[in-house]
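Dear colleague,

Please find the structure below, handed over for your files. A summary of the findings comes after it.

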Amino acid sequence: DAAPVRPMYQQKRCWIGGVMIAGLIITIIILAMRSTGETGSVDADVKLSGSEDTNDSSRSVMPSICAPSQHPSPAPTSIKDVEKQVLIYFYNATGGNAWVESTEWVTDSNICQWRGVECETVGETTFVEELRLPDNNLIGDLEAVSLSLIDLQLLRVLDLDSNSLTGNMTVISTNLAQLSGLTKVDIRLNDITGTVSLDLCESKFISE
């Protein structure tokens with residue numbers, strides 16, 4: 001009455017068939033999961049792209065705070081331009097409109113033709129060498145003016161004798177000491193107080 005036992009080859013076929021079916025099911029599940037993941041990634045990319053487009057759109061309508069001014073202020077581009085700006089500042093700071101003589105000053109003419117200005121040419125470049133305006137009704141603070149004069153790189157003579165300039169001699173002489181080529185400074189008979197700084201004395205400048 002015992003149940004008949006299947007041959008071994010039939011048992012192996014059943015076992016192999018079961019394994020194949022299980023493998024097929026697992027493969028289908030994996031492919032389905034991958035497909036779902038890729039779809040989600042595509043949706044995220046689409047959303048991200050849309051966000052970037054929105055940001056780009058918002059950027060395009062925002063005005064740039066770094067945009068250059070439509071009326072930029074001119075800047076000196078050469079030694080000649082720099083020295084001209086220094087002399088114009090000197091003129092305005094010392095009441096140039098009230099000077100006794102101001103021939104050619106603050107005009108388009110060559111600065112070497114302005115009254116009291118002497119120039120020297122080194123190579124192809126012309127520098128202001130002397131500034132002589134004695135007894136010419138100059139009025140103003142020589143401390144600030146002297147600081148601007150250090151941009152006259154080859155200034156050798158500064159004669160502002162007998163005017164109405166004010167300031168402290170120590171400050172003025174310290175500023176002028178930065179001009180290595182300066183050999184004569186005449187600022188007598190002005191309303192200047194204080195003493196000549198050691199910088200000016202040690203540089204062997206002549207202060208009359």
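The notes below take the strands, the nonpolar core and the salt bridges in turn.

This is a predicted model, in which local features need pLDDT of at least 70 and side-chain atom pairs count only at pLDDT 80 or more, while totals for chains, interfaces and linings use all residues. Residues are numbered from 1 along each chain as its sequence is written, and side-chain values use heavy atoms, with hydrogens and water left out.

Strands and sheets

Helices (H or I, at least four residues) and strands (E, at least two) are DSSP runs, numbered from the N terminus. Two strands are said to pair if DSSP finds at least two bridges between them. Strand 1 (residues 117-122) pairs with strand 2 in the antiparallel sense over 6 bridges, and Val122 stands opposite Thr125 in strand 2. The hairpin of these two strands has 2 residues between them, and Gly123 takes a positive phi near 65° there. Strand 2 also pairs with strand 4, in the parallel sense over 3 bridges, with Leu131 opposite Leu158 in strand 4.

An open sheet is formed by 3 strands in the order 3-5-7, with parallel pairing. Strand 3 (139-141) and strand 7 are its edge strands, each pairing on one side only. Direction ignored, neighbouring strands of this sheet are turned by 15° against each other on average; axes are lines fitted to C-alpha atoms, for helices over the stretch in contact, and angles run from 0 to 180 degrees between N-to-C directions. Strand 5 and strand 7 pair over 3 bridges in the parallel sense, and the bridge partner of Asn168 in strand 7 is Thr193. Helix 4 lies across strand 5 and strand 7, at about 90° to strand 5.

Nonpolar core

A nonpolar core is a set of buried Ala, Val, Leu, Ile, Met, Phe, Trp, Tyr and Cys residues joined through side-chain atoms within 4.5 Å. Buried means under 20% relative accessible area, exposed over 50%, and partly exposed in between (1.4 Å probe, protein chains only). The largest such core has 30 residues, of which Leu87, Phe90, Trp105, Leu131, Leu149 and Leu160 touch the most other members. Helix 2 (79-93), strand 2 (125-132), helix 3 (142-148) and helix 4 (169-176) each supply at least two of its residues; the largest share, 5 residues, comes from helix 2. Leaving aside neighbours within four places in sequence, Leu160 is in contact (heavy atoms within 4.5 Å) with residues including Phe90, Leu142, Asp186 and Arg188.

Salt bridges

With a salt bridge taken as a side-chain nitrogen of Lys or Arg within 4 Å of a carboxyl oxygen of Asp or Glu, the count comes to 5. In one of these, Glu129 joins Arg156, the closest N and O atoms being 3.2 Å apart. Glu129 lies in strand 2 and Arg156 in the loop between helix 3 and strand 4 (157-159), so this pair ties together parts that are 27 residues apart in sequence. Glu129 is buried at 15% relative accessible area, whereas Arg156 is partly exposed at 32%. Glu129, Glu130, Arg132 and Arg156 are linked in a network of salt bridges.

Arg188 forms a salt bridge with Asp161, the closest N and O atoms being 3.7 Å apart, and another with Asp186, at 3.0 Å from N to O. Arg188 is partly exposed, at 41% relative accessible area, while Asp161 is buried at 13% and Asp186 is buried at 3%.

With kind regards
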